Structures are given as structure tokens and as C-alpha cells.
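Thank you all for coming; I would like to take a few minutes to walk through one structure with you. Please have the sequence and the model open as I speak.

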Amino acid sequence: MFPKPLIPGVLFHTLEHIIRTGGGYNTEKGGQWEPGADQRIPFQGVVLPVSNRDLQYAPYGTFTALSQKLYTNGYTMPPGAQVYDPLDKKTYTIKQELSYGPVHPLKRFAIECKERSAAK
């Protein structure tokens, strides 16, 4: 049997997957954009810094100073999904899944902080 990658359970905490629903242009208000409601789905995960090994084997492009890794307990999200971490009060964007395939349910994602992004 192959060894399985493990993250100590004590590191995992509740994060929120933000799903934006609705929203649109309101013609009664001169075509102004009205945002929809956010649905927040809690899951267990941990945000960790990017290591030199990640940089060496990065199949998904470049890293910035705001790049991190997200490990989850099997919860999966598509690229572009938004994740809020209540511990550091930051919102991250999923850039790419870096899964271990069918070998292990642990999911790993390349993420980037939205801390300095322009307002929508």
C-alpha cells in the first residue's frame, strides 16, 4: 500500500466556500447593477504557504506574493471559486486543483489572496 499524504487534523478549521447567486442589472433603476446574495458553505481546510518544492513543480503558471495552498478534507471546488478564511479574515480565489488523484481523498488547491484586488 502507498503512503498517503496527511495534514495533522489540528491544523484544519472551518472555511467558507462563497457561492454568488443572482444579481443583475435593474432596468427600473436605470440599469444599475444589483448584486445577488452570497451562499456560504462551511468545510474543513487549512491555508498554508507555498513551498520551494511547489515552485519547482508548478504546472499552473506563476506565483505571486499573494499565492498560497489550500488543503481540504475532500471538499472540492472549481477554479475561480471564492474561499473565505475567518481566521485571517481574507478571501482567496481557487486557481487550480492539485489533487492526489484517486489515491487519497485529501484535496490540494493553488489559491491567491484577493486582499489587493480591485472592487467589483
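Predicted model: local features only at pLDDT ≥ 70, side-chain atom pairs only at ≥ 80, totals over all residues.

**Contacts, barrel and rings**

Let me begin with a side-chain pair: the side chain of N26 makes a polar contact with the side chain of E34 at 3.0 Å, where a polar contact is a pair of N or O atoms within 3.5 Å, and within protein one atom must be able to donate a hydrogen and the other to accept it, with residues adjacent in sequence counting only if both atoms are side-chain atoms. Residues are numbered from 1 along each chain as its sequence is written, and side-chain values use heavy atoms, with hydrogens and water left out.

Coming back to N26, this residue lies in strand 2, residues 24-26, and here helices (H or I, at least four residues) and strands (E, at least two) are DSSP runs numbered from the N terminus. N26 is buried, with a relative accessible area of 17%; the word buried means under 20% relative accessible area, exposed means over 50%, and partly exposed is what lies in between, with a 1.4 Å probe and protein chains only. If we set aside residues up to four places away in sequence, N26 touches G31, Q32 and E34, a contact being heavy atoms within 4.5 Å.

E34 also takes part in a salt bridge with K29, the closest N and O atoms being 3.1 Å apart. The term requires a side-chain nitrogen of Lys or Arg within 4 Å of a carboxyl oxygen of Asp or Glu. Of these two partners, E34 is partly exposed at 29%, whereas K29 is exposed at 53% relative accessibility.

How many salt bridges does a search of the whole structure find? The search gives 4, and among them is the one in which the side chains of R40 and E16 meet, at 2.7 Å from N to O. R40 lies in strand 4 (residues 37-49) and E16 in strand 1 (residues 13-21), so this pair ties together parts that are 24 residues apart in sequence. Both carry the partly exposed label, R40 with a relative accessible area of 41% and E16 with 22%. Another salt bridge joins the side chains of R20 and D38, at 3.8 Å from N to O. Because R20 lies in strand 1 and D38 in strand 4, that pair ties together parts that are 18 residues apart in sequence. R20 is exposed at 53%, while D38, at 39%, is partly exposed.

Now to the strands themselves. A closed barrel of 6 strands runs in the order 1-4-5-8-7-6, with antiparallel pairing, and two strands are said to pair if DSSP finds at least two bridges between them. On average, neighbouring strands of this sheet are turned by 45° against each other, direction ignored. Strand 1 and strand 4 pair in the antiparallel sense over 9 bridges, and within strand 4 it is P42 that stands opposite E16. Strand 1 also pairs antiparallel with strand 6 (residues 82-85), over 3 bridges, where H17 has V83 as its bridge partner. Strand 6 in turn runs antiparallel to strand 7 (residues 90-97), joined by 4 bridges, and there V83 is partnered by Y92. The hairpin of strand 6 and strand 7 has 4 residues between the strands, and K89 takes a positive phi near 55° in this hairpin.

In strand 5, residues 67-72, we find S67, which is buried at 9% relative accessibility. Leaving aside neighbours within four places in sequence, S67 is in contact with V50, I111 and E112.

I will finish with the aromatic rings, where the count comes to 2 pairs; rings of Phe, Tyr and Trp (its six-membered ring) pair if their centres lie within 6.5 Å, and planes under 30 degrees apart count as stacked, over 60 as edge-to-face and the rest as tilted. Y25 and W33 form an edge-to-face pair, 4.9 Å centre to centre with 70° between the planes, and Y25 is exposed at 64%. The rings of F43 and Y75 have their centres 4.6 Å apart and their planes at 10°, so that pair is stacked. This pair links distant parts of the chain, F43 in strand 4 and Y75 in the loop between strand 5 and strand 6, 32 residues apart. F43 is buried at 5%, whereas Y75 is partly exposed at 22%.

Definitions and conventions: Axes fitted to C-alpha atoms, helices over the stretch in contact; angles between N-to-C directions.
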